[in-house]
Amino acid sequence: MPGRQNCTKELFMQVQAELVRRRVVHVSPTGKKRSFSCNHCFAQMVFCGDCGELYRRVHWNNHGCKSIVWRCISHLEPTSAERNCTNRTVNELLLQEITIKAFHQILSERDFFLKTLQQNIAKAVVNADTLSPDGIQARLEELQKELIKKENNKQDYDAIADEIFRLRDQKQQSELDSHHREEAMNRIKELQDFIAGQETDITEFDEALVKKLIEKITVFEDHFTVEFKSGITIDIEE
């Protein structure tokens, strides 16, 4: 039963992550908003290292040779591009190979990456706010009691009111920071679990694994940079 509950929870989290991904709107360097365009695992994940634009999936027919490639939107929409981007077109099979190589590198150097991830967790804990949302709320309740007391005694309470407004803003930001920190910790733990639990090398493209662990792939003229959701980045020369 616990195993089934864990699987259900993990599936729920994956579905939620996919829904969030589809709501993301990327703002291009030209200021144009580009929303989710397809359900492919590389959608809104592949970026141009030259101009910063997204890459888009294209069915290509080059002299009768059909293939699926990814091209910088600046190539596809030159009239709306900020500048003439000359970055390369990438075959989808090569993108798949790049992800396999990135996973292979992490697994072949698992001790190093597990240590790095543990250090990232330690940094996140150290950088945590000294005053938590609960701590701020407790202070707000104290100030509200002081404000009521001063009002009943016909005393000036402007300073307390200003402090209450400041703490309310601080609490909202602290809650947001806590949420982002928790998300980051979850992403780190996911990669830790993958590294620790993967006994064999990754030899075939795994779409589900890409969606779960990889955040971004940046295309350069002579290499790719793969950024994992945990914050780990790997350069693949190709």
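Is Phe205 buried, partly exposed or exposed? In this predicted model, Phe205 has a relative accessible area of 25%, which makes the residue partly exposed.

## Aromatic pairs

A pair of aromatic rings is described by the distance of the centres and the angle of the planes. The structure holds five such pairs, and one of them joins Phe42 to Phe205, whose ring centres are 5.8 Å apart and whose planes stand at 45°, so that the pair is tilted. Phe42 belongs to the loop between strand E2 (33-34) and strand E3 (46-48), while Phe205 belongs to the loop between helix H6 (158-197) and helix H7 (207-213), so the pair ties together parts that are 163 residues apart in sequence.

Phe42 has a relative accessibility of 0% and therefore counts as buried, whereas Phe205 is partly exposed. Ring pairs also bring in Trp70, which is linked with Phe42 and Phe205 into a cluster.

## Charges over rings

Two further aromatic residues have a charged side chain over the ring. Arg71 lies over the face of Trp60, at 5.4 Å from the ring centre, and the charged end of Lys216 sits over the ring of Phe47, 4.8 Å from the centre of that ring.

## Helices H3 and H6

Two packed helices are described by the angle between their axes and the distance between the axes. The axes of helix H3 (residues 92-108) and helix H6 come within 10 Å and cross at roughly 75°, so H3 and H6 are roughly perpendicular to each other.

Where these helices meet, Phe103, Ile106 and Leu107 in H3 contact Leu191, Phe194 and Ile195 in H6. The residues of this contact comprise six nonpolar ones, with no polar and no charged residues.

Technical notes. Residues are numbered from 1 along each chain as its sequence is written. This is a predicted model: local features need pLDDT of at least 70, side-chain atom pairs count only at pLDDT 80 or more; totals for chains, interfaces and linings use all residues. Side-chain values use heavy atoms; hydrogens and water are left out. Rings of Phe, Tyr and Trp (its six-membered ring) pair if their centres lie within 6.5 Å; planes under 30 degrees apart count as stacked, over 60 as edge-to-face and the rest as tilted. Helices (H or I, at least four residues) and strands (E, at least two) are DSSP runs, numbered from the N terminus. Buried means under 20% relative accessible area, exposed over 50%, partly exposed in between (1.4 Å probe, protein chains only). A charge sits over a ring if NZ of Lys or CZ of Arg is within 6 Å of the ring centre and within 35 degrees of the ring normal. Axes are lines fitted to C-alpha atoms, for helices over the stretch in contact, and angles run from 0 to 180 degrees between N-to-C directions. Angles under 35 degrees count as roughly parallel, over 145 as roughly antiparallel, 65 to 115 as roughly perpendicular and the rest as oblique. Contact means heavy atoms within 4.5 Å. Ala, Val, Leu, Ile, Met, Phe, Trp, Tyr, Cys and Pro count as nonpolar, Asp, Glu, Lys and Arg as charged, and the others, Gly among them, as polar.
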